[in-house]
Amino acid sequence: MVTTQTPAIDKAMAVFAFLAENGRASFTQIQKATGLPKSTSSSLLASLLAHGLVSLEDGRYGLGLRWYELGNKVEEGLDIKRAAMEPLTQLRDQTQLTCHLGVLEGPSAIYVLKLESPTAIVIRSWVGRRLSLHSSGLGKALLAWLPEAKLNAILPDIEFVRRTDTTIVGVDAFREELAATRKRGWAFDNAEDNDGVYCIAAPLLNAAGEATGAISVSGVSSQIKLANLNEVAAAVVATANRIAADYRH
């Protein structure tokens with residue numbers, strides 16, 4: 001559980017995270033999973049019920065419809081998503097790859113749009129999923145164009161967890177990777193986040209040259225190969241530039 005200077009919010013977030021991950025659960029399951037005292041769990045769940053943030057059916061708690069309302073409000077504010085929809089759809093159709101749009105949120109990236117590949121190959125991802133910045137193409141694209149001061153503020157919060165044999169796990173090596181990414185103009189996830197899954201990403205740059213978001217294409221080794229890497233990357237960069245231009249206007 002994340003600990004901040006507002007314990008009540010920390011406890012509520014622990015409940016939300018558990019229900020989001022596991023679906024409906026009993027009071028006992030929630031109390032044991034969060035480690036909160038029974039009295040605290042009882043009063044907290046009662047308050048969350050009153051606000052519509054959780055629901056209760058047949059003795060089991062779940063996330064409430066209030067989240068749907070709030071989520072729609074957030075989505076309404078994502079102008080970048082609307083700007084990206086048509087160009088990203090065209091990129092998906094052109095490459096036959098799964099396409100994502102992501103933004104930076106703290107020490108992680110988060111998907112705000114996903115377009116499935118029209119092929120039978122499924123990449124396990126979803127809107128709202130958080131990504132590690134050091135092991136994902138989107139993460140690299142979002143960081144590589146940050147001013148040095150902003151990058152320096154984020155790097156200490158990144159946990160360089162090894163996810164596959166190719167994951168970059170050192171700060172110095174990661175800085176070199178970001179420099180190479182910026183010079184190249186696009187980021188590459190060499191099966192660093194998931195074994196056998198590759199990703200090419202490009203930033204959506206604002207007028208100041210900073211990334212306000214990033215797009216990516218993902219696929220397995222039979223879809224993204226060294227032989228077609230530059231060709232696919234050129235299509236991703238062109239699409240990112242188009243989205244960024246539309247978004248700025």
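Helix axes here are lines fitted to C-alpha atoms over the stretch in contact, and angles between them run from 0 to 180 degrees between N-to-C directions. Keep that in mind for a helix pair further down; first, a quick look at the whole chain.

What you have above is a predicted model. The protein contains 9 helices and 8 strands. Its C-alpha trace spans about 60 × 35 × 35 Å along the principal axes. For 249 residues, a compact globule would have a radius of gyration near 18 Å, and the 20 Å of this protein agrees with that.

Now for the helix pair. Two packed helices are described by the angle between their axes and the distance between the axes. Helix α6 (residues 137–144) packs against helix α8 (residues 171–184) at an angle of about 80°, and their axes are 9 Å apart. Angles of 65 to 115 degrees count as roughly perpendicular, so that is how α6 and α8 lie to each other. On the α6 side, the contact uses Lys 140, Leu 143 and Ala 144; these meet Phe 174, Glu 177, Leu 178, Thr 181 and Arg 182 of α8. Sorted by class, that makes 4 nonpolar, 1 polar and 3 charged residues.

Notes
Residues are numbered from 1 along each chain as its sequence is written. This is a predicted model: local features need pLDDT of at least 70, side-chain atom pairs count only at pLDDT 80 or more; totals for chains, interfaces and linings use all residues. Side-chain values use heavy atoms; hydrogens and water are left out. Helices (H or I, at least four residues) and strands (E, at least two) are DSSP runs, numbered from the N terminus. Angles under 35 degrees count as roughly parallel, over 145 as roughly antiparallel, 65 to 115 as roughly perpendicular and the rest as oblique. Contact means heavy atoms within 4.5 Å. Ala, Val, Leu, Ile, Met, Phe, Trp, Tyr, Cys and Pro count as nonpolar, Asp, Glu, Lys and Arg as charged, and the others, Gly among them, as polar. The radius of gyration is taken over C-alpha atoms; the globule rule is 2.2 Å times the number of residues to the power 0.38.
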